[in-house]
Amino acid sequence: MKKELFANPDLCTGCNRCTIACSAKNEGVFQPSKARLRVTNFPLRGFSVPNVCFQCPKANCLEACPNDAMFRGADGVVRLNRDLCSGCGNCVNACPYGMVEQNAKGIPYKCDLCDGDPACVKECHAEALVHAAGDAALFQLKAAQMKTRPQSGTPLEKRHKVAQTIKRNSRG
């Protein structure tokens, strides 16, 4: 059965170990700003929300790519073929969750689940991130998180809007 990445904001401590592990694995640096997932912290309100790529069944980033550089693998994960990418940024603008960004060279990057072994999950000792086949409760949580789809703004602004809604609707 296909495994998916699930994020439970009620368990997130905001420690950012996940983003550090992600940037280390994917970029070779301990720099959360280069991670494929993000943690939106609301320090004055005492909560944090992990922002993850949902690997959308109908992925806007994939559909927006004029060069077919974005593609879905046999495992259901949306990936980027850098050789085909023109750096147009359409995928960045198309993602309603702010989970596709571009590096300094204009090449987009997004979560590819570390080829089935997500580094972020291994570092999440609070178990706010889970890579599993999922059960009804996890799919219900994910579906609720996917309902907020900001259509404008920067990736940071979109993630913030999504995080606010996720936390407002969380069980905690």
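How many helices and strands are there in the protein chain? The chain holds six helices and eight strands, where helices (H or I, at least four residues) and strands (E, at least two) are DSSP runs, numbered from the N terminus.

## About the model

This is a predicted model, in which local features need pLDDT of at least 70 and side-chain atom pairs count only at pLDDT 80 or more, while totals for chains, interfaces and linings use all residues. Residues are numbered from 1 along each chain as its sequence is written, and side-chain values use heavy atoms, with hydrogens and water left out.

## Fold and overall shape

The C-alpha trace spans about 45 × 35 × 30 Å along its principal axes.

## Surface and charge

Of the 172 residues, 49% count as buried; buried means under 20% relative accessible area, exposed over 50%, and partly exposed in between (1.4 Å probe, protein chains only). The accessible surface comes to about 8,900 Å², and 53% of this belongs to carbon and sulfur atoms. These areas come from the Shrake-Rupley method with a 1.4 Å probe; for residues, only the protein chains shown count as cover.

The chain has 24 positive and 15 negative charges, and their mean positions are 5 Å apart. Lys and Arg count as positive and Asp and Glu as negative, leaving out His and the chain ends; each charge is placed at NZ of Lys, CZ of Arg, CG of Asp or CD of Glu.

## A look at Asn-103

Asn-103 sits in the loop between strand 6 (101–102) and strand 7 (108–109). With a relative accessible area of 29%, Asn-103 is partly exposed. Leaving aside residues up to four places away in sequence, Asn-103 touches Arg-82 and Tyr-109. Arg-82 lies 21 residues from Asn-103 in sequence, with 12 Å between their C-alpha atoms.

## Cysteines

The structure holds zero disulfides, a disulfide being a pair of cysteine sulfur atoms within 2.5 Å. For Cys-12, the nearest cysteine sulfur is that of Cys-18, 6.4 Å away. Cys-12 counts as buried because its relative accessibility is 17%.

Cys-22 is in no disulfide either, and its nearest cysteine sulfur, that of Cys-114, is 5.8 Å away. At 5% relative accessibility, Cys-22 also counts as buried.

Methods:
Contact means heavy atoms within 4.5 Å.
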